[in-house]
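Please keep the sequence and the model open while working through the numbered points.

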Amino acid sequence: MKSVRIGKRELGPGLPCYIIAEIGINHNGDLDLAKRLISVAVAAGCDAVKFQKRTVEVVYSAKELSAPRPNPFGTTNGDLKRGLEFDELDYAEIASFCQQVKIDWFASPWDEASVDFMEHFDTPAYKVASASLTDDNLLRRIRRTGKPVIASTGMSTYDEIDHAVRVLGTDDLVLLHTTSTYPAQYGELNLRAIPSMAERYGVPVGYSGHETGIPTSVAAAVLGACCVERHITLDRAMWGSDQAASLEPNGISRLVRDIRLCEQSMGDGIKRVYDEEIPVMQKLRRVGANALAQAGA
């Protein structure tokens, strides 16, 4: 299986897990809040932050946009969707800030115009949201950029994933196993799909988690996920539809720490006696301690 290079990192079997802090729309349309979330990701040791980009009038119908929905930006769903979108100046500032703090950043474009928009910025990859996996025109537009693609597979059947892989091709492709409920229930995470998908498609497979806790995302990395993506927030009680399924600063820091500790602990699979064990063996073992210690000497 070939590795995939994103920025300065290689993703693939046996390589350190690439950890993505999904900011998404948790910035609530506030550029300063977005920067604070980027800083949280940097402090935690994440490898990248990710945003979402939509052309509102393309992604949503006029009926959906006119639907009543009280929110901080107005009274309709359209007011909300438009209020959550950053413009080119905002993203230029995000790009500059990420370069300053030395963290990768990229986005999930939800329509072809958003891909064209994001091409103004030198991002190292594109993300395909689970909701977009069956949008062939969008997949082809993203692939034409020539950049690596990370594709989420939530709410998708194997037939749909097979088709998306045929459209995208397997070069520079990473698939993410995910369950698209917010928050996701533990009994529906199905983490064993990670090695199954890697075997089926022959590409690196990661995990995008929407559960509330940390251990299962760590388990995904141990099962072979080449990258782990989790939403982040400053406070789960903040306004916003994705906040409750996100990790707060302490949570994302613990996630990165625990994944790195697990990586350090995996070893090479060869059973051995470590030098540090010999004094303990000599103290506690009644039979065979001296012979093994002498053989080691």
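1. Which unit do S11, helix H10 (residues 215-222) and S12 make? Together they make a right-handed β-α-β unit. The two strands of this unit, S11 (residues 205-209) and S12, run parallel and are joined by three bridges. Within this pairing, Gly209 stands opposite Arg230 in S12. Please bear in mind throughout that the model is predicted.

2. The protein has 13 helices and 12 strands, and its C-alpha atoms fill a box of roughly 80 × 40 × 40 Å along the principal axes. Of the 297 residues, 51% are buried. Among contacts with a separation of 6 or more, 64% are between residues 24 or more positions apart.

3. Besides its pairing with S11, S12 is joined to S3 by five bridges, and S3 and S12 run parallel. The bridge partner of Ile19 in S12 is Val228.

4. Leaving aside neighbours within four places in sequence, Glu229 is in contact with Ile20, Glu22, Lys50, Lys127, Leu176, Tyr207, Ser208 and Gly209.

5. The strands S8, S9 and S10 should be read together. S8 (126-128) and S9 (149-152) run parallel and are joined by three bridges, with Val128 opposite Ala151 in S9. S9 and S10 also run parallel, joined by four bridges, and Ser152 stands opposite Leu176 in S10. In S9, Val149 and Ala151 point one way and Ile150 and Ser152 the other way, and all are buried.

6. S8, H7 and S9 make a right-handed β-α-β unit. S9, H8 and S10 make a right-handed β-α-β unit as well.

7. Which residues of helix H7 (residues 136-144) are buried? They are Asp136, Leu138, Leu139, Arg141, Ile142 and Arg143. An α-helix has 3.6 residues a turn, so residues three or four places apart point the same way. The cover over the buried residues of H7 includes the strands S7 (104-109), S8, S9 and S10 (173-178), together with the helices H6 (112-118) and H8 (158-168). Just after H7, Gly146 takes a positive phi of about 80°.

8. Some backbone details call for a check by the reader. Most residues other than glycine have a negative phi, and most peptide bonds are trans. Asn28, although not a glycine, has a positive phi of about 55°. Asn28 is found in the loop between strand S3 (18-24) and helix H1 (31-44), and it counts as buried at 16% relative accessibility. Asp172 is not a glycine either, and its phi is positive at about 50°. Asp172 lies in the loop between H8 and S10 and is partly exposed, with a relative accessible area of 35%.

9. Where is Pro183 found? Pro183 is in the loop between S10 and helix H9 (193-201). The peptide bond from Tyr182 to Pro183 is cis, with omega near 0°.

Key. Residues are numbered from 1 along each chain as its sequence is written. This is a predicted model: local features need pLDDT of at least 70, side-chain atom pairs count only at pLDDT 80 or more; totals for chains, interfaces and linings use all residues. Side-chain values use heavy atoms; hydrogens and water are left out. Buried means under 20% relative accessible area, exposed over 50%, partly exposed in between (1.4 Å probe, protein chains only). Contact means heavy atoms within 4.5 Å. Two strands pair if DSSP finds at least two bridges between them. A crossover is right-handed if, with the strands pointing away from the viewer, the path from the first strand over the helix to the second runs clockwise.
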